[in-house]
Amino acid sequence: MINGVHVVVYSKNAEADRSFFRDILGFPSVDAGHGWLIFALPTAEATFHPAEENDRHELYLMCDDLKAEMAALRSKGVECAEVTEARWGSISKIGLPGGGAVGLYQPKHPTPSKLR
């Protein structure tokens, strides 16, 4: 039985991004050995979009109140991108210390987390 999802985020500075997830976002983690942190994440969901190519993936962190979450991050010195509105949610991006970014959004759609 499948009992979870393991997400891999590639980074030019993985150590900085691990510290960000631990110290700024506050996700608990375990050390899998040699400082290799694996983070516990909130409830997850997956969707599949049509695309011209395979093997392109995105990571979005979800919240109930995007403006409040952005303010909380700002108080920790984290700047978020301007909010854009889509049919499926209000979206921002969080820049990671390693140079990448992850999405942050407040969904407008029903979420399956209520099914558990």
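**Exercise 1.** Decide from its relative accessibility whether Tyr105 counts as buried or exposed, and then do likewise for Tyr60.

*Solution.* In this predicted model, Tyr105 has a relative accessibility of 6%. Buried means under 20% relative accessible area, and partly exposed means between that cut-off and 50%. Tyr105 therefore counts as buried, whereas Tyr60, with a relative accessible area of 25%, is partly exposed.

**Exercise 2.** Work out which kind of ring pair Tyr60 and Tyr105 form, and where in the chain the two residues lie.

*Solution.* The count of aromatic pairs in the model comes to five. For Tyr60 and Tyr105, the ring centres are 5.6 Å apart and the planes stand at 85 degrees; because planes over 60 degrees apart count as edge-to-face, this pair is edge-to-face. Tyr60 belongs to strand E3 (residues 60-62) and Tyr105 to strand E6 (residues 101-107), so that the pair links distant parts of the chain, 45 residues apart.

**Exercise 3.** Apply the reasoning to the rings of Trp88 and Tyr105, and state which parts of the chain they tie together.

*Solution.* The centres of these rings lie 4.8 Å apart and their planes are at 75 degrees, so the pair of Trp88 and Tyr105 is edge-to-face. Trp88 sits in the loop between strand E4 (84-86) and strand E5 (89-95), while Tyr105 is in strand E6, and the pair therefore ties together parts that are 17 residues apart in sequence. Trp88, at 30% relative accessibility, counts as partly exposed.

Conventions
Residues numbered from 1 in each chain as written. Predicted model: local features only at pLDDT ≥ 70, side-chain atom pairs only at ≥ 80, totals over all residues. Heavy atoms only, no water. Phe/Tyr/Trp six-rings, centres within 6.5 Å; stacked < 30°, edge-to-face > 60°. Helix = DSSP H or I, 4+ residues; strand = E, 2+ residues; numbered from the N terminus. Buried < 20%, exposed > 50% of the residue type's maximum accessible area, 1.4 Å probe, protein only.
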